[in-house]
Amino acid sequence: MVEVSVIGITHDRLSGLPIIILGNVEENFAIPIWIGEYEAELLETHLLGAVAPRPFPYDLICDMIQALGGEVEKVIINDFDNGIYFATIVVRRYDGEVINIDARPSDSINVAVRLGAPIYVTKDVIQRASIISLDGNPHYTSEQKAEFEELLKYLFEEGEEE
């Protein structure tokens, strides 16, 4: 497994759907995960430091885990099948028992970011999902291919300068 971080959130120009970009600059890969508008909005709101007057669903989930004596140890993006990602939230209970909770990556990432828990991607998922073949894909114009390549180049160049 390789630890990743949220590099950014963008939108797919074709579908209009938000995309979370997870990546690891040292290992030079990025994984795009298409998510729903609501999930992206809540993640973006949190990343920008906005505080809601009442808990959002992910805040509530985090509060419940902590109130029940649990701690999110990590989130693992552990499978990729037919374009769909799968994730597990690993929670350690107060008595030491570890519970693996099946969850969507968008939900898992929202919880991990709020609690400061690490996010990991299995090597198998990295091999199958992080390399996006733009060549020969009839859905992308040459302009869109160049734009996506520039985005990835920008993301990795930003990380190298730090």
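Where in the chain is the place of Ile 89?

Tutor: Ile 89 has its place in strand E5. The model is a predicted one, in which local features need pLDDT of at least 70, side-chain atom pairs count only at pLDDT 80 or more, and totals for chains, interfaces and linings use all residues. Residues are numbered from 1 along each chain as its sequence is written, and side-chain values use heavy atoms, with hydrogens and water left out.

With a relative accessible area of 8%, Ile 89 is buried; the term means under 20% relative accessible area, whereas exposed means over 50% and partly exposed lies in between (1.4 Å probe, protein chains only). From C-alpha to C-alpha, Ile 89 is 9.3 Å away from Arg 104, and 15 residues separate the two in sequence.

Strand E5 covers residues 84–92 and is joined to E4 by nine bridges, the two strands running antiparallel. Strands count as paired if DSSP finds at least two bridges between them. The residue opposite Ile 89 is Val 75. Helices (H or I, at least four residues) and strands (E, at least two) are DSSP runs, numbered from the N terminus.

The structure also holds one aromatic pair. It is formed by Phe 80 and Tyr 85, whose ring centres are 4.6 Å apart and whose planes meet at 50°, so the pair is tilted. By definition, rings of Phe, Tyr and Trp (its six-membered ring) pair if their centres lie within 6.5 Å; planes under 30 degrees apart count as stacked, over 60 as edge-to-face and the rest as tilted. Both partners are buried: Phe 80 has 17% relative accessibility, and Tyr 85 has 10%.

Strand E5 belongs to an open sheet of seven strands with mixed pairing, in the order E3-E2-E1-E7-E4-E5-E6. The edges are strand E3 (29–34) and strand E6 (98–103), each of which pairs on one side only. From one strand to the next, the twist averages 35°, where axes are lines fitted to C-alpha atoms, for helices over the stretch in contact, and angles run from 0 to 180 degrees between N-to-C directions.

Asn 24 has Phe 29 of E3 as its bridge partner. Four residues lie between the strands of this hairpin, and Asn 28 takes a positive phi near 55° there. Five of the six residues of E3 are buried, so this strand is largely enclosed by the rest of the structure. Ala 30, found in strand E3, is buried with a relative accessible area of 7%.

As for the whole, the protein chain has five helices and seven strands, in the pattern β-β-β-α-α-β-β-β-α-β-α-α when read along the sequence. Of its 162 residues, 37% count as buried. By contrast, Leu 68 counts as exposed at 65% relative accessibility; it is found in the loop between helix H2 (57–67) and strand E4 (71–81).
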